[in-house]
Amino acid sequence: PNQHLLVKWLDEIESPRVFLLGDIFGFWWGFSDVVYGEFVPVLAALERLTRRGVQVDWIRGNHDFAMGDFVEDRLGIAVHDQLEVNLGERRFLLDHGDRADRRLGYRVTRSVVRSRIFAGAMRLLGPGNARKLGLSLSNASHGHMAPPEALLASQERWALEYLHQGLDVVVMGH
């Protein structure tokens, strides 16, 4: 529902580099020859951004981890699971942040949907049915999220582990 605001923001960015921390879409499963129509405005804005010479780094989220090659090959966006980068004098870790959710149910679900077996099933389903399944799983996950306080506490503990390793800043979405 807020897609137009994201497109407007992308079109107005005046920065040499932009970092997207995942979950840009409610669900994305990459098929090499398919882009879902509702994504076109955002993808077009990202293409305009990269054509203006802005470097875009996209950290995979739990809803857009299987983007396929389109984002990298067509849009020229670097896609990462996690990114450590020096900005000025500081070392940053950029991560989606879902790995900080240590609940057993979430960890199992994350492992299953990122498995080769699941990927094979999605390919067999094809773009339309894979999208239906993905949106169904995505919508179901919203009802099983950790209470915000518990998730924030878990993310804080997770970030502190990295800060103790010498990083200066940890930034995450989720």
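Tutor: Begin with the rule: rings of Phe, Tyr and Trp (its six-membered ring) pair if their centres lie within 6.5 Å, and planes under 30 degrees apart count as stacked, over 60 as edge-to-face and the rest as tilted. By this rule, nine aromatic pairs are counted. In one of them, the ring centres of Phe25 and Trp28 are 5.3 Å apart and the planes stand at 40 degrees, so the pair is tilted. This is a predicted model, in which local features need pLDDT of at least 70, side-chain atom pairs count only at pLDDT 80 or more, and totals for chains, interfaces and linings use all residues. Residues are numbered from 1 along each chain as its sequence is written, and side-chain values use heavy atoms, with hydrogens and water left out.

Student: Is Phe25 buried or exposed?

Tutor: Phe25 and Trp28 are both buried (under 20% relative accessible area, with exposed over 50% and partly exposed in between; 1.4 Å probe, protein chains only). One aromatic cluster comprises Phe25, Trp28, Tyr36, Phe39, Trp58 and Phe70.

Student: Which strands form the open sheet?

Tutor: In general, strands of a sheet pair through backbone hydrogen bonds, either parallel or antiparallel. Two strands pair if DSSP finds at least two bridges between them; strands (E, at least two residues) and helices (H or I, at least four) are DSSP runs, numbered from the N terminus. Here the open sheet has three strands in the order β4-β5-β6, with mixed pairing. Its edge strands, β4 (82-87) and β6 (169-172), each pair on one side only. Strand β5 (residues 90-95) runs parallel to β6, joined by four bridges; Asp95 has Met172 in β6 as its bridge partner.
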